[in-house]
Amino acid sequence: MDRIVVADDHPLFREALVSAVRKARPEAGVVECSSFAEADAALAKEPVDLLLLDLKLSDVEGMTGLNLVRANHPAVPVVVVSASEEPHTVRRTLAVGASGFIPKSASLDTMVEAISQVLDGETWAPDVGEAEGEEADLQSRIASLTPSQMRILEGLKAGRLNKQIAYDLGVTEATIKAHLTSVFRKLGVQNRTQAVILSQQIDLG
């Protein structure tokens with residue numbers, strides 16, 4: 001039986017997502033969450049087949065929630081749900097590792113279709129065309145980071161010191177320093193400040 005986590009802090013829309021899940025997979029077990037912390041706890045508790053994640057939850061900003069899920073639970077397919085339907089928003093979530101993108105304006109049938117396709121191992125998102133120029137370059141650089149490197153980048157954005165990030169990840173400070181060298185190289189930056197500024201360019205707030 002599929003286990004699906006629905007994370008959205010708006011009760012009515014969360015109810016709509018749950019209805020779509022029930023229609024797509026009537027036998028699925030559904031866990032409803034109103035915050036990222038609740039969703040993260042549900043992911044850690046037992047295996048999850050799909051996470052429906054609101055891009056703007058009260059306890060995370062922009063892409064941070066998606067980044068953390070991709071870093072901490074890389075095997076879990078994530079469908080981002082967002083009121084923003086801007087092409088760059090869709091492209092950036094997919095570039096970071098989302099398996100799908102559902103606009104909040106989507107009909108129930110569209111939600112069902114998206115959920116079904118992702119559960120079947122495919123991706124689903126509105127057709128917004130390909131990224132070009134600087135946007136495509138930024139996406140490719142962020143997407144090149146490993147899950148561990150993404151967690152380190154999130155630590156930098158949170159203003160944490162190397163030793164604090166090392167504690168969070170259960171590794172040595174020397175390991176963090178080595179990872180940072182690779183992160184800076186992949187992002188094409190020279191220091192922590194530049195890395196944070198660059199990462200904020202894809203943070204959708």
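Which residues of H7 are buried? The buried residues of H7 are Gln149, Met150, Ile152, Leu153, Glu154, Gly155, Leu156 and Lys157. Buried here means under 20% relative accessible area, exposed means over 50%, and partly exposed lies in between (1.4 Å probe, protein chains only). The model is predicted, so local features need pLDDT of at least 70 and side-chain atom pairs count only at pLDDT 80 or more, while totals for chains, interfaces and linings use all residues. Residues are numbered from 1 along each chain as its sequence is written, and side-chain values use heavy atoms, with hydrogens and water left out.

Helices (H or I, at least four residues) and strands (E, at least two) are DSSP runs, numbered from the N terminus. An open sheet is formed by five strands in the order E2-E1-E3-E4-E5. The pairing is parallel. Two strands pair if DSSP finds at least two bridges between them. Strands of a sheet pair through backbone hydrogen bonds, either parallel or antiparallel. Strands E2 (29-33) and E5 (100-103) stand at the edges. Each has a single partner strand, so one side of each is left without a neighbour in the sheet. On average, neighbouring strands of this sheet are turned by 15° against each other, direction ignored. Helix H1 (residues 11-24) packs on the sheet and touches E1 (3-7), E2, E3 (50-54) and E4. The direction of H1 makes about 170° with that of E2. Contact means heavy atoms within 4.5 Å. Axes are lines fitted to C-alpha atoms, for helices over the stretch in contact, and angles run from 0 to 180 degrees between N-to-C directions.

E1 and E2 pair in the parallel sense over five bridges. The bridge partner of Arg3 in E2 is Gly29. Five of the five residues of E1 are buried, so E1 is largely enclosed by the rest of the structure. Both faces of E1 are covered. Arg3, Val5 and Ala7 lie on one side, and Ile4 and Val6 on the other. In a regular strand the side chains alternate between the two faces of the sheet. E4 (residues 78-82) pairs with E5 in the parallel sense over four bridges. Val81 stands opposite Ile102 in E5. Gly100 and Ile102 point one way from E5, Phe101 and Pro103 point the other way, and all are buried.

Leu50 lies in strand E3. Leu50 is buried, with a relative accessible area of 0%. Not counting residues up to four places away in sequence, Leu50 touches Arg3, Ile4, Val5, Val76, Pro77, Val79, Ile115, Val118 and Leu119. Leu50 and Val30 are 20 residues apart in sequence and 9.8 Å apart in space, C-alpha to C-alpha.

A nonpolar core is a set of buried Ala, Val, Leu, Ile, Met, Phe, Trp, Tyr and Cys residues joined through side-chain atoms within 4.5 Å. The largest such core holds 42 residues. Leu51, Leu53, Leu66, Leu156 and Leu187 touch the most other members. Helix H9 (residues 173-187) gives the most to this core, with five residues. Another core, of 22 residues, lies apart from it and includes Ala106, Ala114, Ile115 and Val118.

Seven of the nine residues of H3 (residues 64-72) are buried. These are Thr64, Gly65, Leu66, Asn67, Val69, Arg70 and Ala71. Their cover includes H2 (36-45), E3, E4, H4 (87-96) and H7. Eight of the eleven residues of H7 are buried, so H7 is largely enclosed by the rest of the structure. Just after H7, Gly159 takes a positive phi of about 80°.

The axes of H7 (residues 147-157) and H10 (residues 192-200) come within 9 Å and cross at roughly 100°. H7 and H10 are therefore roughly perpendicular to each other (65 to 115 degrees). Leu153, Leu156 and Lys157 of H7 meet Arg192, Ala195, Val196 and Ser199 of H10. These contact residues divide into four nonpolar, one polar and two charged. Ala, Val, Leu, Ile, Met, Phe, Trp, Tyr, Cys and Pro count as nonpolar, Asp, Glu, Lys and Arg as charged, and the others, Gly among them, as polar.

Note on methods. Parallel < 35°, antiparallel > 145°, perpendicular 65-115°, else oblique.
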